[in-house]
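Here are some exercises to work through with the model open beside you. Try each task before you read its solution.

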Amino acid sequence: MFTNELGENLKYIENNRFQGKSKFVTKNKNAGNVILTNEASYQNFDWKDKKMRILSLFRYWNSIEYFFPYKYQMDKNWNQVLQEMLPKFLSPQSELDYHLAMLEIIVDLDDSHAGLNTNLTIDYFGAKYIPAKFSIVDNKAVITSFYNDSLADINDLRIGDVIEKANGKTINEILQQKSEFIQGSNTSAKFAYAFNKIFNGVTDSIEIEFLRNDKIKGNEIGRYSFDQFKYKKPSTDKWKILENNIGYINLGEVEVSDVSAILEEIKNTKSIIFDLRNYPKFTLPYILNFLNPSAKELLVSIIPDLNYPGKFYWEEPMSMGENNNNPYRGKVIILVNSRTISYAELYAMGLQTVNNSITIGSQTLGADGNVSRVEFIGGFKTGFSGIGIFYPDFTETQRKGVRIDIEVKPTILGIKQGRDEVLEKAIKVALE
């Protein structure tokens, strides 16, 4: 493809590349992921400007090409992605098409940290919601809770309803149709991030077919702007002692200031269940000091080498903990699912350093490592996992998620009965 002269010039540039302090990229001092700096903002950007669109594409593509540690894990070759996306950035039929092109190339990262919302993409998928939360089970949408009880009642929605079709399409057909726009490292993540792409829309209602009491029914249910729900997150216990002297800690609610008092109350239990089906506060060091007799290796990571963009190097293993002559003696049980992402996954890896720990649940979102921010021209912001995180034995966590000892997924029957089947299994294991 290149003339000998051009090839020689490129080789000269490589061998004599600038290796001092860069104007355009630096590192997060704590984690080591890149921070992209001093890119021109082009305040008067017009999406119709083809040159600016192509510049924006290459700005993003190169950011990933040189600084994304998990490029080798993507389903598509990154060069192939460029070939596929170049026509879409060259000749979008509308401003919406341009925004969807940005979203599509981001989804190609297969990274749960990478997403994009613009006013046009939100309008495209629809900013009106049905008044219920749902989970995907066996490629069907099962109602799990409500954003607004009154509106759910008005629309005759019940916990455990199994919605099989929406506007005449099966849930699986909808997921396949919109798959190029649904981010996620794995299928579990894509199901989680599809929450606003199955039933959302711009109209005030949607036709559904659902299964209730073994009978298929049809219904037209309302869609509402989210602020109409006046939704408040349900309050939950930070911790409690269950029957048979089993401790339970909801790590998504526990603050650093709570830790010492909770551990004092729970130290004599026979088992502790740590619930990581949430995003925890930065309490891990204090918890590990309580659980382990000494520091344990948590992970190893790869960090971008700014002197040779595209190259990464291994950091020394990261350890956490301190000497403790009286560590916790009971069983440690860790609960995870598709809400466990990033620091929550690192937290799970930390708890797994405890000798008698058991991890129960389902695949996590598979995106660990500090997020590096990047912008398309026009101020459209996104990000990507900026450092590579591995177990100390170099087992990958990206896309796969954390290790699970006992896989338990919610069932349609369990949802209908209002049971927490993962917690139930944890209690059973705690008693063994």
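A quick definition to start: buried means under 20% relative accessible area, exposed means over 50%, and partly exposed is in between (1.4 Å probe, protein chains only). This is a predicted model, where local features need pLDDT of at least 70, side-chain atom pairs count only at pLDDT 80 or more, and totals for chains, interfaces and linings use all residues. Residues are numbered from 1 along each chain as its sequence is written, and side-chain values use heavy atoms, with hydrogens and water left out.

**Exercise 1.** Find out where N244 lies and whether it is buried, partly exposed or exposed.

*Solution.* Step one: look in the loop between β11 (239–242) and β12 (246–250). Helices (H or I, at least four residues) and strands (E, at least two) are DSSP runs, numbered from the N terminus. Step two: the relative accessible area of N244 is 48%, so call it partly exposed. Step three: check the backbone, where N244 has a positive phi of about 65° although it isn't a glycine. Most residues other than glycine have a negative phi.

**Exercise 2.** Work out how many of the residues of helix α11 are buried.

*Solution.* Step one: go to residues 343–351, where nine of the nine are buried, so the helix is largely enclosed by the rest of the structure. Step two: see what surrounds them; the buried residues pack against elements including α10 (284–291) and β14 (296–304).

**Exercise 3.** Which residues does P410 contact, leaving aside its neighbours within four places in sequence?

*Solution.* Step one: find P410 in the loop between β22 (406–407) and α12 (412–416). Step two: using contact (heavy atoms within 4.5 Å), you get V137, I415 and E421.
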